[in-house]
Amino acid sequence: MKIIGFETIKNMNISPERCYEWVLEMIEAKDKAMLPPKTHLNMPGNVFCNVMPSIIENSEGKIGGIKVVTRYPERKPSLDSDILLFNADSGEFLALMDGNWITAMRTGAVAAHSVMTLAKTDFKTIGMIGLGNVARSSLLVLASVCKDKKLTIKLLKYKDQAELFMERFKDFHNLEFVITDSVKDCIKGSDVVISCATYFEDDIALDEWFDEGVLVVPVHTRGFTNCDLFFDKVYADDTGHVDHFKNFSKFRYFAEMSDVVNGRAKGRENESERILAYNIGVSIHDVNYAAHIYQELSADRSSFDKLVDADMQAPTEKFWL
């Protein structure tokens, strides 16, 4: 079993376009995957541990993975994740991988996919709230898959993050930036609103701030429950992630994204529909990313052999106690 760390994955320089392709693969193939509910363990002090198993099928056969995410507020960064990858046909454990780059990039790629699938045809203006790594990955993927579209990005000012965000994207000539001082200014007039803020205690916007035709993508779900009640359509990556929401029974129309891309459910039908996309995150994306990364690394045998091996010295025959 190989140990594949954060720097190894980051240094592969996987393009945003490939990240988008890998997400699309799993959204299209969700019905073929085994995706049991995740186990969520809450502990005192706003500490948690999520355990998310899944099995997917690709050109190499069936691949399984178990993603573990922990949050310890005093740790830097507070969130950390790892992925245990195994061959689901043979049971062989393949790798223990850092999951932090994978989590950030697949989350952003899923948000970008929602925009490309559900935004109105001529979307030009995107309001962004919360400017951390997920916001960066969302825009990295989105700007890369629509290079020929000129986009205006409205950034909600927070400390010095808007300026740092603009600096990160200074070489993207299809983007221009505007810094806004209020949530209202960020949302009003935007064709798409992407919120990557991790926590809001209450809803953050009045109904009238959302223009006709707007798509709202609240990556961490918080702050937009009023939209549940008057938006025309609501989508999610998995029904089990949202069917406990207090307004679920009041959604005017609901479908999973996999059903939209496979033609089993309606997507956007006109340019005036207001649409909400809750993509909370399913581990099939993490496992698919991990499988692609493992396969690419193993294709270069000389480099692959240099990766650290973890030999568990498992028994090779039946043993007795």
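Predicted model: local features only at pLDDT ≥ 70, side-chain atom pairs only at ≥ 80, totals over all residues.

Biologist: What is the strand order of the open sheet of eight strands?

Modeller: Strands of a sheet pair through backbone hydrogen bonds, either parallel or antiparallel. Here strands (E, at least two residues) and helices (H or I, at least four) are DSSP runs numbered from the N terminus, and two strands pair if DSSP finds at least two bridges between them. The order is S9-S8-S7-S10-S11-S14-S12-S13, with parallel pairing. Strand S9 (175-180) and strand S13 (254-256) each have a single partner strand, so one side of each is left without a neighbour in the sheet. From one strand to the next, the twist averages 20°; axes are lines fitted to C-alpha atoms, for helices over the stretch in contact, and angles run from 0 to 180 degrees between N-to-C directions.

Biologist: Which residues are bridge partners around S10?

Modeller: S7 and S10 run parallel and are joined by four bridges, with Met128 partnered by Ile194 in S10. Four bridges also join S10 to S11, again parallel, and there Val193 has Val216 as its partner. Next along, strand S11 (residues 215-218) runs parallel to strand S14 (residues 275-278) over two bridges, and Leu215 is partnered by Ile275.

Biologist: Which strands does helix H5 lie across?

Modeller: Helix H5 (residues 161-168) lies across strand S7 (125-129), strand S8 (151-156) and S9, and runs at about 175° to S9.

Biologist: Is Ser195 buried or exposed?

Modeller: Buried means under 20% relative accessible area, exposed over 50%, and partly exposed in between (1.4 Å probe, protein chains only). Ser195 lies in strand S10 (residues 192-195) and is buried, with a relative accessible area of 2%. Both faces of S10 are covered, with Val192 and Ile194 buried on one side and Val193 and Ser195 on the other. Contact means heavy atoms within 4.5 Å. Not counting residues up to four places away in sequence, Ser195 touches Ile129, Phe200, Val217, Pro218, Val219, His220 and Phe224.

Biologist: What does Met12 contact, leaving aside its neighbours within four places in sequence?

Modeller: Met12 is in contact with Ile293, Glu296 and Leu297. Met12 is found in the loop between helix H1 (6-10) and helix H2 (16-28) and is partly exposed, with a relative accessible area of 21%. Met12 and Leu297 are 285 residues apart in sequence but 8.7 Å apart in space, C-alpha to C-alpha.

Biologist: Which strands stand at the edges of the open sheet of seven strands?

Modeller: That sheet has the order S2-S3-S4-S5-S6-S1-S15, with mixed pairing. Its edge strands are strand S2 (39-43) and strand S15 (308-309), each pairing on one side only. Strand S1 (residues 2-4) pairs with S15 in the antiparallel sense over two bridges, where Ile3 stands opposite Val308. H9 packs on the sheet, touching S1, strand S3 (47-58), strand S4 (61-71), strand S5 (79-87) and strand S6 (93-98), and its direction makes about 60° with that of S3.

Biologist: How many cavities of 30 Å³ or more does the structure hold?

Modeller: On a 1 Å grid over the protein atoms alone, a cavity is a set of points where a 1.4 Å probe fits but cannot get out, whereas a pocket is an open set with protein on both sides within 12 Å along at least five of seven lines; lining residues have an atom within 4 Å of a point. Grid points are joined across faces, edges and corners, and a volume is the space filled by probe spheres set on the points. The structure holds two such cavities. The largest has about 60 Å³ of space, and helix H8 (257-261) and helix H9 (283-299) are the elements that give two or more residues to its lining. The second largest cavity has a volume of about 40 Å³ and is lined by Thr107, Val110, Ala111, Val217, Val219 and Asn279. Helix H3 (residues 100-118) gives the largest share of that lining, three residues.

Biologist: Which residues line the second largest pocket?

Modeller: Its lining is Ile129, Gly130, Leu131, Gly132, Leu156, Lys157, Tyr158 and Gln161, around about 220 Å³ of space.

Key
Residues numbered from 1 in each chain as written. Heavy atoms only, no water.
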